[in-house]
Amino acid sequence: MTRMTPLLERNEQFARDYTPVALGLPTAQVLVVTCLDHRVDPAIVLGLKLAEAPVIRNAGGRVTQPVIEDIAYLAFLAEQLFAGQLAADKLFEVAVIHHTQCGTGLLDDPGFRHQAAAATGRSEAALEASAVVDPHITVKADVERLLTSPLLSPKVSVAGHVYDIATGRVTTTVPARYPQPPRP
Ligand SMILES: [Zn+2]
């Protein structure tokens with residue numbers, strides 16, 4: 001008996017009624033970037049079903065360089081494998097979702113940050129930049145970061161949302177838009 005035992009029993013239930021899903025386009029045509037916080041599970045909060053949307057999660061739901069690279073790869077994959085099934089100019093929409101009461105917000109405190117730097121091996125500056133203190137501000141910054149990345153496909157739109165832990169409600173703070181085409 002380990003901590004996983006009850007979860008493996010749930011998986012047994014799941015597998016009983018399971019129908020395999022072939023690799024294909026995510027049916028919601030949305031890619032979610034959000035926090036790894038166990039109170040912010042997009043499958044539950046957004047009612048996502050299997051094969052509806054890829055989800056990238058990290059502390060805070062921040063648009064880091066590895067996240068940008070994953071999104072670039074998924075756009076590449078969609079174009080390579082499913083070009084015929086897609087509208088010529090559209091691949092998917094990225095929904096960046098930050099949330100209230102985020103645990104990364106504690107990194108705003110210099111003393112806490114100093115200790116966290118020792119524990120994680122990350123610099124205090126990097127930890128400070130990763131903190132979600134006001135999700136409305138950080139989600140806007142992260143949407144901009146993604147939209148201005150040269151790695152983002154012009155066929156991918158990006159929007160920003162905030163999930164309120166107190167109400168369970170997701171509010172759109174930055175409406176979806178496509179990156180600006182490069183200036184001639
Ligand atoms: Zn969080």
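This is a predicted model: local features need pLDDT of at least 70, side-chain atom pairs count only at pLDDT 80 or more; totals for chains, interfaces and linings use all residues.
Trainee: Let's begin with the metal. What makes Cys35, His99 and Cys102 the donors of the zinc ion?

Mentor: Distance decides. Cys35 (SG), His99 (NE2) and Cys102 (SG) sit at 2.0 to 2.2 Å from the zinc ion, and a donor has to be an N, O or S atom within 2.8 Å of the metal. Therefore these atoms count as donors. A word of caution: water is not among the atoms, so a site may look incomplete.

Trainee: Which spacing do the donors follow along the chain?

Mentor: The pattern is C-x63-H-x2-C. Cys35 belongs to strand β1, while Cys102 is in the loop between β3 (92–99) and α4 (110–120), so the pair ties together parts that are 67 residues apart in sequence. Both Cys35 and Cys102 are buried.

Trainee: How do you know that β1 and β3 are paired strands?

Mentor: Count the bridges. Five of them join β1 to β3, and the strands run parallel. Pairing asks for at least two bridges, so β1 and β3 qualify. As one example, Val30 has Glu93 in β3 as its bridge partner.

Trainee: What about β3 and strand β4?

Mentor: β3 also pairs with β4 (residues 156–163), again in the parallel sense, over eight bridges. There, Ile97 has His161 in β4 as its bridge partner. β3 is mostly covered too, with seven of its eight residues buried.

Trainee: Now the rings. Why is the pair of Phe14 and Tyr18 called tilted?

Mentor: A pair of aromatic rings is described by the distance of the centres and the angle of the planes. For Phe14 and Tyr18 the values are 5.3 Å centre to centre and 40° between the planes.

Trainee: What makes Tyr73 and Phe76 a tilted pair?

Mentor: Their ring centres are 6.2 Å apart and their planes meet at 35°, so this pair is tilted as well. Both residues lie in helix α3 (residues 65–82), three residues apart, which is about one turn of the helix. The count of aromatic pairs comes to two.

Trainee: Why is Tyr18 called partly exposed?

Mentor: Tyr18 has 39% relative accessibility. Buried needs under 20% and exposed over 50%, so Tyr18 falls in between.

Trainee: On to charges. How do you know that Asp37 and Arg39 form a salt bridge?

Mentor: Side chains of opposite charge can pair when their charged atoms come close. The closest N and O atoms of Asp37 and Arg39 are 2.7 Å apart, and the limit is 4 Å, so this is a salt bridge. Asp37 is buried at 9% relative accessible area, whereas Arg39 is partly exposed at 35%.

Trainee: Why does the contact of Glu128 with Arg113 count as a salt bridge?

Mentor: The closest N and O atoms there are 3.8 Å apart, which is within 4 Å, so the contact qualifies. Glu128 lies in helix α5 (residues 124–130) and Arg113 in helix α4, so the pair ties together parts that are 15 residues apart in sequence. Arg113 is buried at 9%, while Glu128 is partly exposed at 43%.

Trainee: How many salt bridges does the structure hold?

Mentor: Five. Among them is Asp142 with Arg62, at 2.8 Å between the closest N and O atoms. Asp142 sits in helix α6 (residues 135–147) and Arg62 in the loop between β2 (55–58) and α3, so this pair ties together parts that are 80 residues apart in sequence. Asp142 and Arg62 are both buried.

Trainee: One last point. What makes the phi of Ala51 worth a look?

Mentor: Most residues other than glycine have a negative phi. Ala51 has a positive value, near 75°, and is placed in the loop between α2 (42–45) and β2. Gln101 also has a positive phi, near 55°, and is found in the loop between β3 and α4.

Technical notes: Residues are numbered from 1 along each chain as its sequence is written. Side-chain values use heavy atoms; hydrogens and water are left out. Buried means under 20% relative accessible area, exposed over 50%, partly exposed in between (1.4 Å probe, protein chains only). Donors are N, O and S atoms within 2.8 Å of the metal (3.2 Å for Na, K and Ca); water is not among the atoms, so sites may look incomplete. Helices (H or I, at least four residues) and strands (E, at least two) are DSSP runs, numbered from the N terminus. Rings of Phe, Tyr and Trp (its six-membered ring) pair if their centres lie within 6.5 Å; planes under 30 degrees apart count as stacked, over 60 as edge-to-face and the rest as tilted. A salt bridge is a side-chain nitrogen of Lys or Arg within 4 Å of a carboxyl oxygen of Asp or Glu.
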